[in-house]
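Here are some quick notes for when you have the coordinates open. They go from the whole chain down to one residue, then across to the other chain.

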Amino acid sequence: MIQVTNLTKTYGSKRAVDDVSFTAPAGAVTGFLGPNGAGKSTTMRVIMGLDRSDSGTTSIDGSPISSHVNPMRVAGALLDAKSVAPGRTARNHLRVLAATHGISNRRVDQVIEMTGLDAVANKRVKGFSLGMGQRLGIATAMLGDPSTLILDEPVNGLDPDGVVWVRNLAKHFASEGRTVLLSSHLMSEVQLTADRVVVIGRGRILADRSLSDFTAEAASGAVMVKTSNNQRLVELIGGVGGTATVMTDSVSVDGVDAARIAELTVGSHLDLYELVPSAATLEEAYMRLTADSVEYHATSEEVAA
Amino acid sequence: MKVTMADARLTFGGALRSEFLKLATLRGMWLVAGASVVLSAIVAGTTSHSQPEVGAEADWTVTTIAGAVVTSWVIVAVFAALQATGEWTSGQFRVSFAVVPRRGLWLTAKAAALGIYAVVVSILVLLVSTALILPRYAEEGATIDWADALTRQVFIGVPVVFLATAVTAVGIGSLVRSSGIAVTAVIGLLVVLPFAGLFGLSWLADITSYLPSGAGDSVVGSGAFGVAAEDLGVLAGLAVTFAWAIVAWGSALVSLNLRDA
């Protein structure tokens, strides 16, 4: 479990993280979301002991990472794919790290195989593509078979096969009771992978809850209904104080929940073809929440023909 | 003993082995060792064959041997500094500190690995220099006399000075984290400052004996590492040599613990 308590970190005059507290529980994938410059990477660096906090604490399984006798068994992190001496081969890079904890070369070979790096394991890292570098970073994180995985943008540069692999890896880790904290700009990917989301904007926590609660809160509350007689449905909804809007071949209902709509249609002998409470996607929920927290805005320019 | 994943622990021995592997898995280590030996061999060969006949002078023989190591000394020190700064220039520090979060352990392991490497290079250099120089003076009856104090000083002192200087260089590299600044600082300290007194900086001339080169000369008992300076004696020379290493190592440790990685 990762615990962050009242964490504040300032670089020069810029407060990157401001009194941040959250928990990434064991047995779940926690998606860590936020606009560029929101403080995600800073928080992860402090958790891994790379940066010093101005105030507040971070812990993994109850203690700061530096207090554990076996840091590689406690946490593995991918913070930047280019964290390797370019003249060293991938296998040697992993052997160098494994040696610190007396981890065997057999485990090195295992993670090379798990991450699909067999073909390039003996090549120097300077020739690696972004995707291969990312796989090596994930192999590095997994080398100690840790109880906690911290992955900062793990799917950057990966092919679709690699994206699915990272998704399954994160879910598998969590299913074994381990902790996964994962940041990504790909909302669709986080929606498929995460159980919980922590959203940060301008250094402050904006949301910290389950994925389903987060998206449900952002949903409009409308229910899309398709019956054998949509006009009759509109009358029924009006009769119980709801609002119904006829769409092309369905009705959008507000003010009446899905269960009550089902009872009304059955009671009136209408055939019910569809009954779909509208749900916001993670992307929609995220965009609404962080609309005021985006620090770096792009502008669109019209280009003269 | 076979270590299972459950038994895996971070130890100083493991961190040291990791630092040795870092060295062994990059070409630089072999290139620097090779260049050091070759350059010292060239110096040794050139010096011995340009000397006048000196008769059976053991001191002259070992002094010439000691004189052949200075180039290697500077090369190894620069290499040690670059090995430290390389952690930051390559981004390797992110994973190094993630697996070894205790900065003191990491710095000590790196300094120890490069210190031992420097000792090995110094012994190789001494052996090659001796092999080239001794035959030249042997013609005049000179031998290596282990009963002679200067001989022992040279053959023990040179590796000791290499060790301390490598630790100093690792400390400087870890402190400044920039290859350019580290190389400038190491060369400035080892090569430039000792000669500054010759260019009118009289106060520097006064402290020349307390620079790594002057102190190293006192340890070795010959002018192996720099310009002529006041002889501090072996013990004082050792104290000053290791004081440089401890101050550099300590400054780097304080910096590593106070600054972000």
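This is a predicted model: local features need pLDDT of at least 70, side-chain atom pairs count only at pLDDT 80 or more; totals for chains, interfaces and linings use all residues.

1. Start with the overall build of chain A. Its secondary structure comes to 11 helices and 13 strands, and the C-alpha atoms fill a box of roughly 75 × 55 × 45 Å along the principal axes. The chain has 305 residues, and 44% of them count as buried.

2. Chain A is divided into two parts: domain 1 covers 2–216 and domain 2 covers 220–278. Taken over C-alpha atoms, the centres of the two domains are 45 Å apart. As for contacts in chain A with a separation of 6 or more, 68% are between residues 24 or more positions apart.

3. Now zoom in on Val17(A), which is found in strand E2 (residues 14–24). Is Val17(A) buried or exposed? Val17(A) counts as buried, because 27 C-beta neighbours lie inside 10 Å and the cut-off for buried is 20 or more.

4. Which residues does Val17(A) touch, leaving out those up to four places away in sequence? There is a run of Leu7(A), Thr8(A) and Lys9(A), then Gly39(A), Thr42(A) and Thr43(A), and finally Gly203(A). For a sense of distance, Gly76(A) is 59 residues from Val17(A) along the chain, and their C-alpha atoms are separated by 22 Å.

5. On to the interface, where 36 residues of chain A are in contact with 28 residues of chain B. On the chain B side, helix H1 (12–24), helix H4 (70–90) and helix H5 (93–99) each supply at least two residues. H1(B) gives the largest share, with 6 residues. By class, that side of chain B has 14 nonpolar, 7 polar and 7 charged residues.

6. Last, have a look at helix H11 (residues 234–258) of chain B. Its 25 residues reach 36 Å from first C-alpha to last, close to the 36 Å expected at 1.5 Å a residue.

Conventions. Residues are numbered from 1 along each chain as its sequence is written. Chains are lettered from A and ligands numbered from 1 in the order in which they are written. Helices (H or I, at least four residues) and strands (E, at least two) are DSSP runs, numbered from the N terminus. A residue is buried if 20 or more other C-beta atoms lie within 10 Å of its own, exposed if 12 or fewer, and partly exposed in between; C-beta atoms are placed from the backbone. Two residues are in contact if their C-beta atoms, placed from the backbone, lie within 7 Å. Domain bounds come from an automatic or database domain assignment. Ala, Val, Leu, Ile, Met, Phe, Trp, Tyr, Cys and Pro count as nonpolar, Asp, Glu, Lys and Arg as charged, and the others, Gly among them, as polar. The expected span of a helix is 1.5 Å times one less than its number of residues.
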